[in-house]
Amino acid sequence: MARGEVLRAYRALLKATRKTFAGDSVMLKGSAVEVRNKFEENKNVTSDSEIQKLLEEANEASQFITTMIVQAHLNPDAGSYVVKPGKDHAGATLELPSEEILRKSG
């Protein structure tokens, strides 16, 4: 298994999180740490089939982060949150969190 494939998967995940969580320093840092931890946990895997499975999971995670997660942004004038899905989210079902959940996370 080529080390380059692993690095590409790692970079793709980081790129997906940077794009999705742009402007949200807490989520950017947390997601980068989580991605790093997952790759570190599996650094000693030597089985080609297991590595291939992990790479597929990483690619699916990149796709999910890019197409299924949309950041809500606070509109201070209206006192509510605004969600603006991009072209990557076309065809995705949008599930909005409740105001209560958003207040707890903010």
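Is K53 buried, exposed or partly exposed? In this predicted model, K53 has a relative accessibility of 42% and so counts as partly exposed. The legends below take the close-ups one by one, starting with this lysine.

**View 1. K53 and its partner E57 in helix α3.** Welcome to the salt bridge between K53 and E57, whose closest N and O atoms are 4.0 Å apart. Both residues belong to helix α3, which covers residues 48-68. Because they sit four residues apart in that helix, about one helical turn separates them. E57 has 40% relative accessibility and, like K53 at 42%, is classed as partly exposed.

**View 2. A network of R36, E40 and K43.** Here the salt bridges share partners, and R36, E40 and K43 are joined into one network. Have a look at E40, which bonds to R36 in a salt bridge with the closest N and O atoms 3.3 Å apart. E40 also forms a salt bridge with K43, and for this pair the closest N and O atoms are 3.4 Å apart. With the bridge between K53 and E57, the count for the structure comes to three salt bridges.

**View 3. E40 and R36 along helix α2.** E40 and R36 both lie in helix α2, with a spacing of four residues, or about one turn of the helix. How accessible is each member of the network? R36 is partly exposed at 43% relative accessibility, and E40 is partly exposed too, with a relative accessible area of 34%. K43, in contrast, is exposed, its relative accessible area being 57%; the cut-off for that class is over 50%.

**View 4. The aromatic pair of Y10 and F39.** A search of the whole structure turns up one aromatic pair. The partners are Y10 and F39, arranged edge-to-face, with 5.1 Å from centre to centre and 80 degrees between the planes. Y10 is in helix α1 (residues 3-20) and F39 is in helix α2 (residues 25-41), so the pair ties together parts that lie 29 residues apart in sequence.

Note on methods:
Residues are numbered from 1 along each chain as its sequence is written. This is a predicted model: local features need pLDDT of at least 70, side-chain atom pairs count only at pLDDT 80 or more; totals for chains, interfaces and linings use all residues. Side-chain values use heavy atoms; hydrogens and water are left out. Rings of Phe, Tyr and Trp (its six-membered ring) pair if their centres lie within 6.5 Å; planes under 30 degrees apart count as stacked, over 60 as edge-to-face and the rest as tilted. Helices (H or I, at least four residues) and strands (E, at least two) are DSSP runs, numbered from the N terminus. A salt bridge is a side-chain nitrogen of Lys or Arg within 4 Å of a carboxyl oxygen of Asp or Glu. Buried means under 20% relative accessible area, exposed over 50%, partly exposed in between (1.4 Å probe, protein chains only).
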